[in-house]
Amino acid sequence: MDDFIYFDYNQKSSVLLIFFFNALLFSILLLKKGIQERRNDSKILALFIFLCGLYICPFLLGYGGWYSKRAYREFLFFMPFQQLFLIGPVLYFYVQSLLNFEYKFSKKDVIHLLPALAYGGYSVLVWIVDRWILNEFYFYADGQDKDLDFWYQMAGLISMLLYLGLSLRYYKKYRVFTLQEASFADEISYRWIEHFLFAFSFILLLRVVFFMVNPEWGEFGSKYWYYVCFSILFLYIAVTGYSTVVKTTLPFS
């Protein structure tokens, strides 16, 4: 029983655990707000914060000692916690839902999800082959979590930078549109979206810096402070996004 509930509560794991529970809490609050107020932007932000909470799980649980226990290690191996190809598109969908009150997810948006779906399929394939077909580690023969592979971390960073650029371009077009169409542009062009994009930009800047300092993303010791900074920023986004009332009246696409 003790092994079943094993978790090493140390300084690093406990701090990240607090951030993780906050991510879950605000995901639920934002989803509830989105449903009650029929706001797509709150629902999408709930998904974004939930993905941020999942993102810190490998290091949260790693600091908690899970990689040292076989059953826990297998769970971490086969569960794709870090959805790096999904965070960028969700960011882009959120910006669109904020700036266009008529925005709804459509079939053409599915193309943005294809890389994430492909990685999900790859994760399922790895699980089936290693766990059920061969019943031994083939893909995981090196004992390294695939979520922390350099190629995936780098590709995920490029994906998020791309969608940050698309979001900034969309926001710039929105500012030009509102200046042309409305005399109350300052009221409509609210500051929250700028703060949100700045916070996400700072997250990616931190990733670049840590890549340069230590490109081995699976090395836990030197990445702790990155995950703390990341958690502080996503918690800021969650709290501010939940408390900020944003209303747009112009259809924009």
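Here follow questions and answers on a helix pair and the cavities of a predicted model.

Colleague: Are the helices α2 and α5 roughly parallel or roughly antiparallel to each other?
Modeller: Take α2 as residues 40-55 and α5 as residues 84-99. Their axes come within 9 Å and cross at roughly 155°. Angles over 145 degrees count as roughly antiparallel. The pair is therefore roughly antiparallel.

Colleague: Which class of residue, nonpolar, polar or charged, has what count in the contact of α2 with α5?
Modeller: On the α2 side the contact includes Ile44, Leu47, Phe48 and Leu51. On the α5 side it includes Ile87, Val90, Leu91 and Tyr94. By class, the contact has 1 charged, 2 polar and 14 nonpolar residues.

Colleague: Which helix gives the largest share of the lining of the largest cavity?
Modeller: The structure holds 3 cavities of 30 Å³ or more. The largest has about 80 Å³ of space. Among its lining residues are Phe77, Tyr119, Tyr140 and Lys146. Two helices, α4 and α6, each supply at least two residues, and the largest share, 4 residues, comes from α6.

Colleague: Where does the largest share of the lining of the second largest cavity come from?
Modeller: This cavity has a volume of about 50 Å³. Its lining counts 11 residues, with Arg39, Asp41, Tyr94, Gly241 and Thr244 nearest its centre. The elements that give two or more residues are α2 and α5. The largest share, 3 residues, comes from α2.

Colleague: How many charged residues are in the lining of the second largest cavity?
Modeller: By class, this lining has 5 nonpolar and 3 polar residues. Asp41 is one of the residues nearest the centre. The charged count is 3.

Technical notes. Residues numbered from 1 in each chain as written. Predicted model: local features only at pLDDT ≥ 70, side-chain atom pairs only at ≥ 80, totals over all residues. Heavy atoms only, no water. Axes fitted to C-alpha atoms, helices over the stretch in contact; angles between N-to-C directions. Parallel < 35°, antiparallel > 145°, perpendicular 65-115°, else oblique. Contact = heavy atoms within 4.5 Å. Nonpolar A, V, L, I, M, F, W, Y, C, P; charged D, E, K, R; others polar. 1 Å grid on protein atoms, 1.4 Å probe; cavity = no way out; pocket = protein on both sides within 12 Å on 5 of 7 lines; lining within 4 Å. Points joined across faces, edges and corners; volume = space filled by probe spheres on them.
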